[in-house]
Amino acid sequence: MKDLTPDRASLDPIEIASRDEISSVQLGRLQWSLRHAYENVPFYRQSFDAAGLHPDDLKTLCDLAKFPFTVKTDLRANYPFGMFAVPRDQIARIHASSGTTGQPTVVGYTQNDLENWGAVVARSLRAAGLRPGDLLHNAYGYGLFTGGLGIHLGADALGLTTVPISGGMTPRQVRLIEDFQPTGITVTPSYALSILDEYAAQGLDPRASSLQVGIFGAEPWTNAMRNEIEQAFDMHAVDIYGLSEVMGPGVANECVETKDGLHIWEDHFYPEVIDPETGELVAEGEQGELVFTSLTKEAFPIIRYRTRDLTRLLPGTARSMRRMEKVTGRSDDMIILRGVNVFPTQIEEALMATSGLAPHFQIELTRPARMDQMRILCEAADASMGAADRERSASALAAAIKQTVGISVSIEVGDVGAVERSAGKAIRIRDHRNKS
């Protein structure tokens, strides 16, 4: 793989500033953000008042922990525009969640917000190894989802040439990668595997493609999947993090020269990690639930938003700003099976280490009697794989899950293509327990 380490002179000065400088910027912006939210969003005024707090009570960064959390149900309760802090005619862009599990969460951006968003995404793309003039194949979905248009903003800000292909139509994805010769691709990791399958279907070698870096996000993925993608395409694979409630993609990104966790752009987003059960801050370096407060957002300030993503905060390395470890899962995606906490990423790790199996899977949960059962549907790596080999791989995977996670599961190894594919976020869990 080509060395894509960015020229240090190309970095924003704040990326390599001292911790004291970063903290000073954060404190001033945090005081502004709390005041802006309190004065312009009725929800925050009521929330702060109920807690007996005022923005002026924030004297140091540590004081933020006194303020109440914001959760997704708060956003849904104020649908559609109740959380906006500027008049509707100052809103330049609106995005929203799919709303498949309830009322959509709606977020807005002023023109200045869009410029800041473009700047942090540009910083992320540069950290991943892209340079002005590079061609980017953007396969994140366009529309209300923040992925496609958010990446596009940053690509424009960095000076890339963008192919806005969005998701889906996988054969065309491969054809345009081969014809247009992009340097980078932005896509969900699960859909990258679908593109890899299409390369095989067309008899093409992905390692011979022009791709030098893939920037993957929107769903948890493991280092085992990173290795799989890097080896398959002979390119770097780095992680990008964001969520619409905080901004969209570009809240944090891995640096291609280290790939040791995602540097959070702390001049725009203030991170905390809490115990998901108690809500108390955990010690630096301990795992917990990630919480974000926006520092510069005008249209949609967000104060102590509980992301439900599980990670830990670590010191900076390639940049001065702190890193977050790759997200291992979400507290609301955790499966409790017969008293054991299970995350889909644990299943993925075991699957990727088992020979004879493709990296596609789905978890099915049932309750045929009084006991919860888990079945893993996965695929043979090769269409010619016989029944005996499939059984051996299934047994090996079940044994690995038993050893590493501590639960007994059943494994079904289907034909190539048996697991449902998605052009966006993968659907990992099918929970039928309430229907059993």
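Strand E18 (residues 357-366) pairs with strand E19 in the antiparallel sense, over 7 bridges. Strands pair when DSSP finds at least two bridges between them. Strands (E, at least two residues) and helices (H or I, at least four) are DSSP runs, numbered from the N terminus. This is a predicted model; local features need pLDDT of at least 70, side-chain atom pairs count only at pLDDT 80 or more, and totals for chains, interfaces and linings use all residues. Residues are numbered from 1 along each chain as its sequence is written, and side-chain values use heavy atoms, without hydrogens and water.

**Around E19**

E19 spans residues 373-380 and is mostly covered, with 6 of its 8 residues buried. Buried means under 20% relative accessible area (1.4 Å probe, protein chains only). E19 also pairs with strand E20 (residues 410-414).

| Strand pair | Sense | Bridges | Opposite residues |
|---|---|---|---|
| E18 and E19 | antiparallel | 7 bridges | Phe 361 and Cys 378 |
| E19 and E20 | parallel | 5 bridges | Glu 379 and Gly 414 |

**H1 against H2**

The axes of helix H1 (residues 19-40) and helix H2 (residues 42-50) come within 5 Å and cross at roughly 105°. H1 and H2 are therefore roughly perpendicular, a class that covers 65 to 115 degrees. Axes are lines fitted to C-alpha atoms over the stretch in contact, with angles from 0 to 180 degrees between N-to-C directions. Among the H1 residues in the contact are Leu 34 and Tyr 38; Pro 42 and Phe 48 are among those from H2. Contact means heavy atoms within 4.5 Å.

Note on methods. Buried < 20%, exposed > 50% of the residue type's maximum accessible area, 1.4 Å probe, protein only. Parallel < 35°, antiparallel > 145°, perpendicular 65-115°, else oblique.
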